[in-house]
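Morning, everyone. Please look at the screen.

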Amino acid sequence: MRRITLFGATGSVGQSAIDLIARNADAYDVVALTGGRNVTQLAADARRLNADLAVTCYPEYYEELKALLAGTSVAVAAGPDAIVEAATRPVDWALSAIVGAAGLMPGLTALSHGTTLALANKESLVTAGPLLLGRAKDHGATVLPVDSEHSAVFQALVGEDMVAVERVIITASGGAFRDWPVEKLAHATLAEASSHPNWDMGQRITIDSASMFNKAMELIETKEFFGVSPDMIEVLIHRESLIHAMVGFNDGALMAHVGPPDMRHAIGYALHWPDRKALPVERLDLAKIGSLSFEAPDHARYPALALATRVMQEGGLSGAVFNAAKERALDEFIAGEIGFLDMSRVVAATLDKMSSSDGLQNAEITLDNVIETDRLARIRAGEAIGQLG
Ligand code: NAD
Ligand code: MG
């Protein structure tokens, strides 16, 4: 039996993973499941999968989770430290599907224990890519991509030599506002930004898809994960979300990964890697689909893309600044405190402030520096929010 742990088990990615695991529950020994406020879901899954441990990141939900699991053999814990403790428990495979920079410590800890980490949590790569991948290398651990574009690139690269790679193209649906007049974007509401044309995902990544911050993060994720230079990475608007990524080789060939917009494919690929096993996803009928469309991204509509280019060029801790400022700006947009277009303004202003005054971009990417940069960037982003005109 394979021992597994799921971080962020109650989220959109976590639930897709549980769907796959529950279909073949006898093959897995579930060690830990972690979640947040949805302790009812967490407890139900912990019972169903007979987990050793269930952890909520919120201490105030401890009693409720404990009551829900009374009479079972599932141990209960709460708080960020308890999630990190869960990451020390030996497993063969762990899914990193927490949303935000909160996924970094559990991911690093799991890698320190040699665990194969299936990484959906792109924020940890954006914030501290070299640290995370360095940790994996030091401990002989493997990081597998779960973001659909990166899984697609990873699959297109099987058996290939990186020296033959000329470019990597990641596709983007264009998000909720792809057809809106640009002038209207400033007034986009939370409800309007929280729906996606093709994918069913958590609220934060859905809003990040509308603003293209999700694709911006994925550009940085591509650079970090595959070690390609920024000028080799392209974004292509592809409304249908059926081609997830393409890899261009030096003989002119493009290897495209085509599949339905269902995260169970990328999660399942990482779960069974290096094997490929049957998965319960739709089989595409391309004749019925008929045609696929491609467009260049409109940079006036999506200022986040240029910010990602800037971060990739600046390097250092600018990814940590970018991610923290984006998380803070997104919190404020969700709270109704700032407008939709203010998010990219806040991130740009935070990058400006920190590169001119705090000089952290060039600092070494150590855990202490990352944590301090993340903390400071949230403060600077708060100041930038206060200065919005
Ligand atoms: P979600 O909001 O649906 O779920 C997030 C999970 O993280 C939940 O289990 C929640 O309880 C937990 N969580 C939230 N805050 C936490 C904290 N501070 N500490 C510990 N746990 C916390 O998010 P999602 O859409 O499943 O996305 C998860 C990650 O996967 C994100 O990094 C996202 O960018 C990435 N991703 C998601 C999709 C998708 O289809 N949803 C696709 C590609 C990548
Ligand atoms: Mg993606």
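Is the crossing of α7 and α10 left-handed or right-handed? It is right-handed. Keep in mind that this is a predicted model.

Now the geometry. Two packed helices are described by the angle between their axes and the distance between the axes. Helix α7 covers residues 148-156, and helix α10 covers residues 213-226. Their angle is about 30°. Their axes are 10 Å apart.

Who makes the contact? From α7, we have Glu149, His150, Val153 and Phe154. From α10, we have Lys215, Glu218, Glu221, Thr222, Phe225 and Phe226. By type, that contact has four nonpolar residues, two polar and four charged.

Stay with α7 for a moment. How many of the nine residues of α7 are buried? Nine of the nine, so the helix is largely enclosed by the rest of the structure. That list includes charged Glu149, along with Ser148, His150 and Gln155. What covers them? The cover includes α10, and also helix α11, at 263-272. Strands are in there too: β7 at 143-145, β8 at 165-172, β10 at 243-249 and β11 at 254-258.

On to the rings. A search of the whole structure gives nine aromatic pairs. Take Phe154 with Phe225. Their ring centres are 6.4 Å apart and their planes sit at 85°, so this pair is edge-to-face. The cut-off for that label is over 60 degrees. Phe154 belongs to α7 and Phe225 to α10, so the pair ties together parts that are 71 residues apart in sequence. Both of these phenylalanines are buried.

Phe213 is in α10, while Phe322 is in helix α14, residues 318-334. Why do both count as buried? Phe213 has 1% relative accessibility, and Phe322 has 0%. The cut-off is under 20%.

Last, charges over rings. Arg37 lies over the face of Tyr58, at 4.2 Å from the ring centre. Lys184 puts its charged end over the ring of Trp180, 4.1 Å from the centre.

Definitions and conventions. Residues numbered from 1 in each chain as written. Chains lettered and ligands numbered in written order. Predicted model: local features only at pLDDT ≥ 70, side-chain atom pairs only at ≥ 80, totals over all residues. Heavy atoms only, no water. Axes fitted to C-alpha atoms, helices over the stretch in contact; angles between N-to-C directions. Helix = DSSP H or I, 4+ residues; strand = E, 2+ residues; numbered from the N terminus. Left-handed = near helix turned anticlockwise from the far one by under 90°. Contact = heavy atoms within 4.5 Å. Phe/Tyr/Trp six-rings, centres within 6.5 Å; stacked < 30°, edge-to-face > 60°. Buried < 20%, exposed > 50% of the residue type's maximum accessible area, 1.4 Å probe, protein only. Lys NZ or Arg CZ within 6 Å of the ring centre and 35° of its normal.
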